[in-house]
Amino acid sequence: MLRLHNTLTRTVEPLRPLQPGAVAMYSCGPTVYRPVHIGNLRSFLLGDLIRRVLVWGGLSVRQVMNITDVGHMTDEVYDRGEDKMLLAAADEGLTPAEIAAKYEAAFHRDSGRLGILPADVYPRASEHIGQMIDLIGRLIERGHAYVDDGTVYYDVTTFDGYGQLSRNSLDQLRAGHRLEAVDHHKRHPADFILWKAAGPRRVVRYDSPWGEGYPGWHIECSAMSIAYLGERFDIHTGGVDLAFPHHEDEIAQSEGALGHQVVTTWVHGDHLLFSGQKMAKSSGNVWTLDRLEEEGHQPLDFRYLCLTSRYRRQLRFSPDALAAAGKARARLGARLAEWGDPAAALQSPAAKKWDERFRDAVLDDLDFPRAITVLWGLVDDDSVASAERAALVGDWDRVLGLGLGDAARAAVPPAEEELPAGAADLLAARQAAREQRDWAESDRLRDELDALSVEVSDTRDGTTWRLR
Ligand SMILES: [Zn+2]
């Protein structure tokens, strides 16, 4: 069974679906007023990888991803008091609804180009205002929320577990807010808005029992996850920057309203760094898939690059790293093209052993860097019949999603370089030694290869060689 790091418990735990054989997962989706950048896409990829691993393992998965569209207050609105959706609409000469439709379509296109399989449902926030109002009403009834001048606040002191996900205490949060201009309607500085009274200039507004206004961002995910996945579900994914306050607040809302735990496992993916900084629109260092293609790369090269880093670690993005990923993917395709048709079944113990190693890696909290090493180990293991290698790589690509079948068809003819007799065996032995972390043996084999004029170099994508 898949083991995942649960932010709630800070441990890697075996996933035990609430319903045997079926997993329900919610993934925080995009705010659709601009193109998503590749840092956002790395977050969305996390949900895709979890889902692919589970389906590959024979489970069924129901995945829901929200679309934050018009009439919503996102974090950015809290920060600056302006609605980015409306600003974008004014900038582009479109209505807010047209902006949302345009960037929602762009988001689906980007996801597809990155090999992200579509979720089962993409609920739009603007179409679930009723469910949000119901949930807010329930929170007021249960004493978790209060109304002040048409705005509804969540009272964080009424929820015992507040801060558990992000390891914050209410005292720490109070101290953290000390330097800010705190909304004096709040009873505690960490209280957050569930429903905001619409000011006179607010264009998109809805009727509610508390007057005209619009919902907070956090309530959207509570309302829509419960609506589509039920009152308890297995996995919730998102970027690490969503853990606080977004997910902390979501727990307080959902569990406050229902009186029990809702999400079992919270999985967070870390940032993508570019020139040492988190990729963010505000810092101006944004790469989109369009830009990536304009600069001569393929979107799936970026997917390969993502797989070379654990999801809980920061990924350092650079054009060079992307180019190296592209080369590695092309080389995989070229090898696959050499092998011909895949075997119908695995026969040899060696092939089964490789399959086991791959499975162990991906089930171990999505250790894709290790899985990629295993992939290269298999590719270069000439003791396994080509047809078996082709079968394994084809099957593994259901999880990797690298489009290797297509890459194989597109592959240029393999280089004319031929390895001298015995060198292939030495390379395989060296790969095995490296996997055993037997560096002395690995160095010794490198010298032997060197004597045959085969120059070996080790990269993060595996070992490559060339003839001198
Ligand atoms: Zn969310």
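A salt bridge here is a side-chain nitrogen of Lys or Arg within 4 Å of a carboxyl oxygen of Asp or Glu. R52 and D48 form one, with their closest N and O atoms 3.0 Å apart. The model that shows this pair is predicted. Find the two residues in helix α1, which covers residues 38-56. They sit 4 residues apart, about one turn of the helix. Both R52 and D48 are buried.

The domain assignment gives domain 1 as residues 16-269 and domain 2 as residues 314-414. Taken over C-alpha atoms, the centres of these two domains are 37 Å apart. Where do they touch? On one side, 9 residues of domain 1 make contact, and on the other, 15 residues of domain 2. Together the two domains bury about 1100 Å² between them. Carbon and sulfur atoms account for 71% of that area.

The rule does find 2 residue pairs in polar contact across the interface. On the side of domain 1 that touches domain 2, 7 residues are nonpolar, 2 are charged and none is polar.

Salt bridges do occur elsewhere. How many does the structure hold? The total is 27. One of them joins R329 and D301, at 2.8 Å from N to O. This pair links distant parts of the chain. R329 lies in helix α11 (residues 319-339), while D301 lies in helix α10 (residues 299-307), 28 residues apart. Both R329 and D301 are buried. There is also a network: salt bridges that share partners join R3, R310, R312, D364, D365, D367 and R370.

Another pair is E295 and R291, whose side chains meet in a salt bridge at 3.1 Å, N to O. Are these two buried or partly exposed? E295 has a relative accessible area of 43%, so it counts as partly exposed. R291 is at 29%, so R291 is partly exposed as well.

Next, turn to M279. Its place is in the loop between β12 (277-278) and α9 (289-294). M279 has a relative accessibility of 3%, and the limit for buried is under 20%, so M279 counts as buried. What surrounds it? M279 and S169 are 110 residues apart in sequence, and their C-alpha atoms are 29 Å apart.

The last stop is E455, in strand β14 (residues 454-459). Its relative accessible area is 30%, so E455 is partly exposed. Which residues does E455 contact, leaving aside neighbours within four places in sequence? They are T464, W465, R466 and R468. L467 is a further landmark for E455. The two lie 12 residues apart along the chain, and 6.0 Å separate their C-alpha atoms.

Methods:
Residues numbered from 1 in each chain as written. Predicted model: local features only at pLDDT ≥ 70, side-chain atom pairs only at ≥ 80, totals over all residues. Heavy atoms only, no water. Domains from an automatic or database assignment. Contact = heavy atoms within 4.5 Å. Buried area = accessible area lost by both parts, 1.4 Å probe. Polar contact = N/O pair within 3.5 Å; in protein donor to acceptor, adjacent residues only side chain to side chain. Nonpolar A, V, L, I, M, F, W, Y, C, P; charged D, E, K, R; others polar. Buried < 20%, exposed > 50% of the residue type's maximum accessible area, 1.4 Å probe, protein only.
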